[in-house]
Amino acid sequence: MKNQQIYMLSEEGIKVLVEQITENIKKALNLTNPTVEDSFLNIDETAKLINLAKPSIYGLVHQNRIPYHKKGKRLYFLKSQIIDWLKSGKKESKDDAEAKANDYLMKNQLFNR
C-alpha cells in the first residue's frame, strides 16, 4: 500500500469542489456533443426564430445591433448568438433596481458615522 493522503474538507470546501467538478463535466459535454443551438441560420430562419420581418432583420444588421456573419452577399446568424442577444435585452424590474441601489448606498455611504 502506497502512501495515501487523506484530506479533511469543510462543508464549504466540499461545495466548491462539487461546483468545480460540475463545471468541468459541463465543459467536457459541450465539447463532445455540439448542440443544435450552434447551427447557422439564414435570414428567413432567423426572422422566424425571433418573430420579426426580414426588413427588420436587415435594419438590425445595418445598425450592427444583431450578431451576424456575412459570406459574400449572404447573411448568416449563429443560433446560440441570437438567443444570447435576445437574453441580453432583459430589462430590470423596479424591485431589482431598488435592491441594487440599496446595496450601492450601503457599501458607499455619503457620510462616515
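A residue is called buried when its relative accessible area is under 20%, exposed when it is over 50%, and partly exposed in between. In this predicted model, helix α4, which spans residues 79–87, has Ser80, Ile82 and Ile83 as buried residues. Viewed down the axis of α4, these buried residues fall within an arc of 160 degrees, so they line one face of the helix.

- The buried residues of α4 pack against helix α2 (43–50) and strand β3 (74–78).
- In helix α3, the buried residues are Ile57, Leu60 and Val61. They span an arc of only 100 degrees around the axis, which puts them on the same side of α3.
- An α-helix has 3.6 residues a turn, so residues three or four places apart point the same way.
- The buried residues of α3 pack against α2, β3 and α4.
- Turned away from the buried side of α3 is a face that carries the exposed residues Pro55 and His62.
- Just after α3, asparagine 64 adopts a positive phi of about 55 degrees.

- Threonine 46 is placed in helix α2. Is threonine 46 buried or exposed? With a relative accessibility of 0%, threonine 46 counts as buried because that value is under 20%.
- The side chain of threonine 46 reaches the backbone oxygen of asparagine 42 at 2.8 Å.
- Leaving aside residues up to four places away in sequence, threonine 46 touches Leu41, Ile57, Phe77 and Ile82. Among these, Ile57 is one of the buried residues of α3, and Ile82 is one of the buried residues of α4.

**Salt bridges**

- How many salt bridges does a search of the whole structure find? The search finds 2.
- Glutamate 11 is exposed, with a relative accessible area of 60%, whereas lysine 15 is partly exposed at 44%.
- Aspartate 44 and lysine 54 also form a salt bridge, their closest N and O atoms being 3.3 Å apart. Aspartate 44 belongs to helix α2 and lysine 54 to helix α3 (residues 54–62), so the pair ties together parts that are 10 residues apart in sequence.
- Both partners are partly exposed: aspartate 44 has a relative accessibility of 45%, and lysine 54 has one of 35%.

**A nonpolar surface patch**

- Which residues form a nonpolar patch on the surface? The patch is formed by Leu9, Ile14, Leu17, Val18, Ile21, Ile25 and Leu29, which together have about 620 Å² of accessible area.
- Leucine 9, one of the patch residues, is found in the segment before helix α1 (11–32).
- The relative accessibility of leucine 9 is 49%, so this residue counts as partly exposed.

Definitions and conventions: Residues are numbered from 1 along each chain as its sequence is written. This is a predicted model: local features need pLDDT of at least 70, side-chain atom pairs count only at pLDDT 80 or more; totals for chains, interfaces and linings use all residues. Side-chain values use heavy atoms; hydrogens and water are left out. Patches are made of residues with over 30% relative accessible area and no salt bridge: like charges are joined within 9 Å, nonpolar side chains (Val, Leu, Ile, Met, Phe, Trp, Tyr) within 5 Å. Accessible areas come from the Shrake-Rupley method with a 1.4 Å probe; for residues, only the protein chains shown count as cover. A salt bridge is a side-chain nitrogen of Lys or Arg within 4 Å of a carboxyl oxygen of Asp or Glu. Helices (H or I, at least four residues) and strands (E, at least two) are DSSP runs, numbered from the N terminus. Buried means under 20% relative accessible area, exposed over 50%, partly exposed in between (1.4 Å probe, protein chains only). The arc is that of the directions from the helix axis to the C-beta atoms. Contact means heavy atoms within 4.5 Å. A polar contact is a pair of N or O atoms within 3.5 Å; within protein, one must be able to donate a hydrogen and the other to accept it, and residues adjacent in sequence count only if both atoms are side-chain atoms.
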